[in-house]
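Let's take a friendly walk through this structure together. Have the sequence and the 3D view ready as you read.

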Amino acid sequence: WLKPLCDRAPSPTPIHPPPLAAKMSFGEGNPYGDPNWYDGAYHSPYYKETHKAWRARCRKFVEDHIMPNVSEWEVNKAIPKDAYIKCYEAGLLPVVVGPHSGAFDLVPAEAPQELDYFHELIFVDELARCASGGVLWGLIEGLQIGLPPVLNFGSDDLKKRVAVPCLMGQKVISLNITEPSAGSDVASLKCMAKREGDYYIVSGNKKWITNGIFSDYFTTAVRTGRPGMGGISMILLERETQPGISTKRMDCQGVWPSGTTYVEFDNVKVPASNLIGKENEGFKVIMKNFNHERWGFVVQANRFSRVLLEESWTYSNKRSTFGKKLSEHPVIRWKLAEMARLVESTHNWLENLTYQLCKMPKDEAMTTLGGPIALMKAHSSKVMEYCSREARQIFGGNGYTRSGLGEKVERLYRDVGAYAIPGGSEEILLDLSIRQGMKSKL
């Protein structure tokens, strides 16, 4: 009754459908190459279907319109005007000024459903896959930090006349706070604005101004009163209609397409109606802007660190030394592991504080999250610095070359300083975070 084994019909090979996670995953699937919620096997309390749809929209734009042009824009040290227009036409540009800014109500662009800070995080994170701080700053940074003061404190006239063309990519705006003798010490700025009837006469210099060379509008911190923070105001200057504004490109180590600029204001006659907020209350406007600015730097810096990790991972599986792949050397695996733990932990921290921004009232968030965001910003630039050095060591000579296999690594190595200094240097922010913590316990 038992057939010989050779006479038995072969059992059909079971066909297993691909796991659901594989169907739902997004991206290329490289280890630690994207945030873990991109992997369908992972669960996240932060992201909904609206975020997933937005993510696909952002990636398509970056793949189609940004990635193919990065090298050219770096060499030219400028972003072409049509790139801003395309970013608006894709419905993406207005998101960088924050979900509570009302930006999407000012222009004919469709906001993502249930718009929140995670939509902005996703766009900036996806854009940073291009591995160029200069491209990000050239395309969105002036808008991200220069327009919110107008949206939050400006008159209705300024919002309609200035905000709309900026949000539509037709005009460029920059934030002008830093001076030759006043960086993180904002209260010491010297640029003067003297009231004469219905006008202010603005005179002084600004330095290291992102997008300044391209700017049509200049959101500017000026001194209108006594020394210190109590005598500062914010005002909007307009290049086209206000003579006396001159700009000169600065040659810097990194972020070349961002248009880092030295700005001079020579007795510029500015209507008093261009005042942003109230006279001598500009420091409040600046401080309200800082959390969003620093948070945005963290998004950029940590994706750059992730790019460095992903590039190193890929390269280590191709390059061979001493008869085996780089990834087969324990010291290289150690470097990859160190980079991965820093990138992943920073992103989890970023998501947590982004969630707080979504849930806290704006005024509460400004005070409660000031210290933690400052600490996170300093941490993220230190992580980027570490990853850029480790990536360069893994790439060797290729990571020291401005083209070829190590192009991204070489470029991001030069861009590190643009994340460690602007928006508050690491030293200032580390100290601020502790002082804020001590103050909250008093």
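## Before we start

To talk about open spaces, we use a 1 Å grid over the protein atoms alone: a pocket is an open set of points where a 1.4 Å probe fits, with protein on both sides within 12 Å along at least five of seven lines, while a cavity is a set of points where the probe fits but cannot get out. Residues that line a pocket have an atom within 4 Å of a point. Grid points are joined across faces, edges and corners, and a volume is the space filled by probe spheres set on the points.

This is a predicted model, in which local features need pLDDT of at least 70 and side-chain atom pairs count only at pLDDT 80 or more, whereas totals for chains, interfaces and linings use all residues. Residues are numbered from 1 along each chain as its sequence is written, and side-chain values use heavy atoms, leaving out hydrogens and water.

The largest pocket has a volume of about 1,300 Å³. Of its 46 lining residues, Ser-184, Phe-290, Arg-294, Gly-423 and Gly-424 are the closest to its centre. Helix α10 (282-316) gives the most to this lining, with 8 residues. Helices and strands here are DSSP runs, numbered from the N terminus (helices: H or I, at least four residues; strands: E, at least two).

Most residues other than glycine have a negative phi. Asn-211, however, has a positive phi near 75 degrees, and Phe-322 has one near 55 degrees.

Is each of them buried or exposed? Asn-211, in the loop between β3 (199-209) and β4 (217-223), is buried, with a relative accessible area of 2%. Phe-322, in the loop between β9 (320-321) and β10 (324-325), is exposed at 81%. Buried means under 20% relative accessible area, exposed over 50%, and partly exposed in between (1.4 Å probe, protein chains only).

## A buried cysteine

Cys-58 sits in helix α2 (residues 49-66) and is buried, with a relative accessible area of 0%. Leaving aside neighbours within four places in sequence, Cys-58 is in contact (heavy atoms within 4.5 Å) with Leu-92, Ile-122, Phe-123 and Glu-126.
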